[in-house]
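Colleague: I would like to learn how to read a few features of a model like this one. Could we go through them in turn?

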Amino acid sequence: MNKITVLFPGGFKPLTGAHLALAQRYAESPQVGRVILLIGPNSRDGITREQSFEMFNLLNNNPDIIIQPTQHNSPIMAAYEYLFDLPSDAKGRYAMAASTKGDDYVRAKTFVPNVDKYATIGDKKGRKIPAGIDATELSIDVDPETYADGTPISATTVRQAIANNDYETFRASYPQFKDAVVKNAWQIVTGLQEALFTKDWWAKNLQEDVDDVIEAIMNTSERNRHGKKINKLRSYLDSNKGESFVYDFDKFPKTVYGVVLTEGGAAGHMAHPWDDHGLTFNDMKEIVSRALEGRLDIEAAVTEKTDGQNIQVTWKNGQIGFARNKGTVINPMSVQEIQDKFGGRGPISDAFGNAAEDLAEAFSRVPQDKLNQIFKNGLVFANMEIIYPATRNVIAYEVAVLQFHNLVEYDEQGNVVETDLTGGGALQGIIQDANAHLQKTFSFIPPQKIKIGRISDFEDQQSAFFNEIAQLQNRYGLKDTDRVTEYHRAWWRDVIKGQAEKMGYDIPENVLNALIYRWAFFDKSESMTSLKKQITNPEFLNWVQEFDKNEFKRYYKQNMEPFETIFLRLGAVALKNAENFLAANPSNTVQQIKQEIAELTKELQNNPNPATISKLELELKRIERLGGFDAIVPSEGVVFTYRGNTYKLTGAFAPVNQILGVLKYAR
């Protein structure tokens, strides 16, 4: 007998323990082959479909339960449209998910007669569900999951808990899961950077949606002005390809739109070199040479990229203040507010609470006129890292320190004005001069300076890296002076034009360019509504819409992968020749990381979830390509300056972090 496919449509904003409990009960039935959660596109109270997907990947370990996007927000419509979209020769048995004790059971009762009607008579549009589809009623006699007071667990209650920063209610909404897993789920929907969710993971996921973040913090008039500026600059660059370009702020005024939160705090994302599309291929080669020859410090000292929790501190109206996002840059939190915000979270509470108290005590010893001079009454913030052994992410430091990085100045709307890369060290010096750098829990330290020497096989390594870069150039006939932008533009042009040609669509240049900028550079100044009006081929339009929703991110990763690989491997090679890491016992730290990877790998190999196994294999292969376990160093990476811009090299930390910082809690 053919097993039943259970369709479980819903908003799932966010996915709750009750949703997964019902899905699990269906999956355990011997009659059921698989359960498909169908999730609509609309956000609810700031909770997005992407966040729900992340939670599903974290919480679900049953390969018979899957989740799929649907363009329909109505759950009933989503289920029927799923069947309408099946091939005409499709066969199978389908049921609608619903608990017999829940209010939504009515929809399951009407599912069978409606499917029969749509298969024989069709709908109002004349469409028919394939004749081989057999609808059946399959009820699960189970009480809905409830809170302690008997109230059913619901997404509405969970969203309210998120809005109120009520972790206790959120925790109670996932009764079948371990604390560590629920904390990760909390971090997905709140964006808080804590020990159990590491920085590169969060940076990567937010970077994929950076355009949505930017759009969210601009109002309509700001977006329009920004779009005009971008179009003016784009037109100039397109008509002056191959020529040198110095940015003229008088001719092309900059839009300051705030800070994208990709490093777990208000400080902003520290870019990898591959993130900067404005580099030329010659720039790439120069960075390679400097890294291999030990010359990354010729513009500024190379410092360690530490693996802790980020926070920003300021001095405003005679009081210390703290920021974790744009809102708290405008209205800084007090010591008590920081302690309340992170209260009840074990070591995380201790880390943030004690850091706030120690900073307040240190500032009380510094003359107020100096604090006012540095912080400009709350317009300047010191960006810093909380390193606390009990909240270890991947790297074990064994010491409790507050490490200053830089000073960031904002305007009154919380938008970045400028960053002083040396300001963090200067502030730490002022605190030390006041004999306030040793406090109750933490000691205050400046950025950790790292020495990278010249590698022994410099010529061979440089030749190998240059060859990889040359292969990228040759693919599209690009010169050393061409920007990396030109590669990405050509790559996406091939993808888009190739699809248009398959569908017999002579794509206009303006439509082609709009799609290139949308997908290569996250430029959505040309809205999808506008594109719909311009694309005259219905088949190609359907492809664009589907691609934009579901396929774009996978292709974007493919486009970036060769550049990412070059710089990750460069980091792995250079960091093997680095000295003076902050880790108290570097050798033991490396051995501990290797041992944890080995133990976790052994455990995960018995995981029944194919997605987890696939992810593990992917990250282990990345480590192998970077030089194997010998490429692991006791550090997240280093920060360096090139042509006045700050970048990071992370080497093997990226895949190690994915294993120990993500898969560890997906068991």
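Colleague: Which residues does tryptophan 519 touch, not counting residues up to four places away in sequence?

Modeller: Contact means heavy atoms within 4.5 Å. By that rule, tryptophan 519 touches Trp492, Ile496, Trp543, Val544, Phe547, Asp548, Phe552 and Tyr556, leaving aside residues up to four places away in sequence. This is a predicted model, in which local features need pLDDT of at least 70 and side-chain atom pairs count only at pLDDT 80 or more, while totals for chains, interfaces and linings use all residues. Residues are numbered from 1 along each chain as its sequence is written, and side-chain values use heavy atoms, with hydrogens and water left out.

Colleague: How many residues are in the largest nonpolar core?

Modeller: A nonpolar core is a set of buried Ala, Val, Leu, Ile, Met, Phe, Trp, Tyr and Cys residues joined through side-chain atoms within 4.5 Å. Buried means under 20% relative accessible area, exposed over 50%, and partly exposed in between, with a 1.4 Å probe and protein chains only. Here the largest core has 89 residues, and Trp492, Ile507, Leu515, Trp519, Phe540 and Leu570 touch the most other members. Helix H21 (residues 538–575) supplies the largest share of this core, 17 residues. Another core lies apart from it and has 41 residues, including Ile39 and Leu138.

Colleague: In what order do the five strands of the open sheet stand?

Modeller: Helices (H or I, at least four residues) and strands (E, at least two) are DSSP runs, numbered from the N terminus. Two strands pair if DSSP finds at least two bridges between them. The order is E3-E2-E1-E4-E5, with parallel pairing. Strands E3 (65–69) and E5 (132–135) are at the edges with a single partner strand each, so one side of each has no neighbour in the sheet. Strand E4 (residues 91–96) pairs with E5 over four bridges, and tyrosine 94 is opposite alanine 135 in E5.

Colleague: Where does asparagine 377 lie, and what is its phi?

Modeller: Asparagine 377 sits in the loop between helix H15 (368–375) and strand E9 (380–387). Its phi is positive, about 50°, although it is not a glycine. Asparagine 377 is partly exposed, at 38% relative accessible area.

Colleague: What about asparagine 580?

Modeller: Asparagine 580 has a positive phi of about 80° and is not a glycine either. It is in the loop between strand E14 (578–579) and helix H22 (586–604), and at 48% relative accessibility it counts as partly exposed.
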